Every structure is written in structure tokens, then in C-alpha cells.
Amino acid sequence: MRVSYKRIAIVLIVSAIVTAVALWQSDRVTIPSDYMGMLYTVVSVVFSVCMGVACSLNLSRVKNNDFYRAIKNSSLIVRDTSICFFVADTVFWLVSTVANQYWLILFSYSFNLLTLLYFVINFKVIQDLNYEIEDRSRGH
């Protein structure tokens, strides 16, 4: 499994910072309980779409071996890191729902938002890569 632990660490650290700031401003920050379920649902759908795009990446048109290996390695890292993010999202969502602790809900919420951003960015990058492969295979 090829996971970008650096990306996961960055998201965890930023989520912890956002949580700390939100706790510091706790009288101003409220998250309605139904937002957590809604956000988790959106993250699940975007994860599913991104995995569909990542798994349908067709490398058979790539003739350059170095380019092929680089794309394959990068797509495996994106796939495996996305799976880790989604598993962590699920765990944080379940634990924050069961524990019902304010700091844990804030952390889970910020982690889910950052993961959603990660999925959307990777979705765009994979689509752009797919178009680049198509253009190169056509000789453009």
C-alpha cells in the first residue's frame, strides 16, 4: 500500500489547529448535529466518484515507460491515500457521533472538510491527467 503519510499528517495537524481555534472561540462556533451526517454523506459520494475516476484511468495508451511508471505510482498513492482518508473520516465520524464530545465533533468536522477538499483537488488532477494522456496519445 502506497500512502502519502505526509498528506495525512498535514490534514491531521490542520484539523487539530482548526479545532483548537474553534475551542478557543467556542461561544461563537456551533455545528448543528445534522451537519455531521450531511457532511459525511457528501464526503462519501465524492470519495466514490473520485475512486471511480481513479480506477478508470486507462494507461494502455501510454507508450513511454518512464511516464507510465510515474503515472502509475502517482495514481496508486492517490488511491491508497484516499482510502486511508475515507477510513479515517468514517472512524472520526462514528466516534464523534457515539462519544458526543464537543472537541471531537469539531475535529471530525474539520477533518471531513479538509478530506473533502483533498478529494475534489485529486478529482480535478486525475481528470486533467486523463486529458493529458488523451492529448499525448493523439499526438497533440
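These legends accompany close-up views of a predicted model.

**View 1. S108 in helix α4.** S108 sits in helix α4, which spans residues 102–138. Its relative accessibility is 0%, so S108 counts as buried. Beyond neighbours within four places in sequence, S108 contacts M36, F92, W93 and S96.

**View 2. The largest pocket.** The largest pocket holds about 190 Å³ of space. Its lining consists of R7, I10, V11, V14, F85, L114, L117, Y118 and I121. Helices α1 (5–24) and α4 are the elements that each give two or more residues to this lining. By class, 8 lining residues are nonpolar, none is polar and 1 is charged.

**View 3. Salt bridge R69–D66.** R69 pairs with D66 in a salt bridge, with the closest N and O atoms 3.0 Å apart. The two residues are 3 apart in helix α3 (residues 65–99), so about one helical turn separates R69 from D66. R69 is exposed, at 51% relative accessible area. D66 is exposed too, at 55%.

**View 4. Salt bridge D80–R79.** The D80 and R79 side chains form a salt bridge, 2.9 Å from N to O. D80 is buried, with 4% relative accessibility. R79 is partly exposed, with a relative accessible area of 31%.

**View 5. Salt bridge D128–K124.** A salt bridge joins the side chains of D128 and K124, at 2.6 Å from N to O. Both residues belong to helix α4. D128 and K124 are 4 residues apart there, about one turn of the helix. At 37% relative accessibility, D128 is partly exposed. The salt bridge count for the model is 3.

Terms used. Residues numbered from 1 in each chain as written. Predicted model: local features only at pLDDT ≥ 70, side-chain atom pairs only at ≥ 80, totals over all residues. Heavy atoms only, no water. Buried < 20%, exposed > 50% of the residue type's maximum accessible area, 1.4 Å probe, protein only. Contact = heavy atoms within 4.5 Å. 1 Å grid on protein atoms, 1.4 Å probe; cavity = no way out; pocket = protein on both sides within 12 Å on 5 of 7 lines; lining within 4 Å. Points joined across faces, edges and corners; volume = space filled by probe spheres on them. Nonpolar A, V, L, I, M, F, W, Y, C, P; charged D, E, K, R; others polar. Salt bridge = Lys/Arg side-chain N within 4 Å of Asp/Glu carboxyl O.
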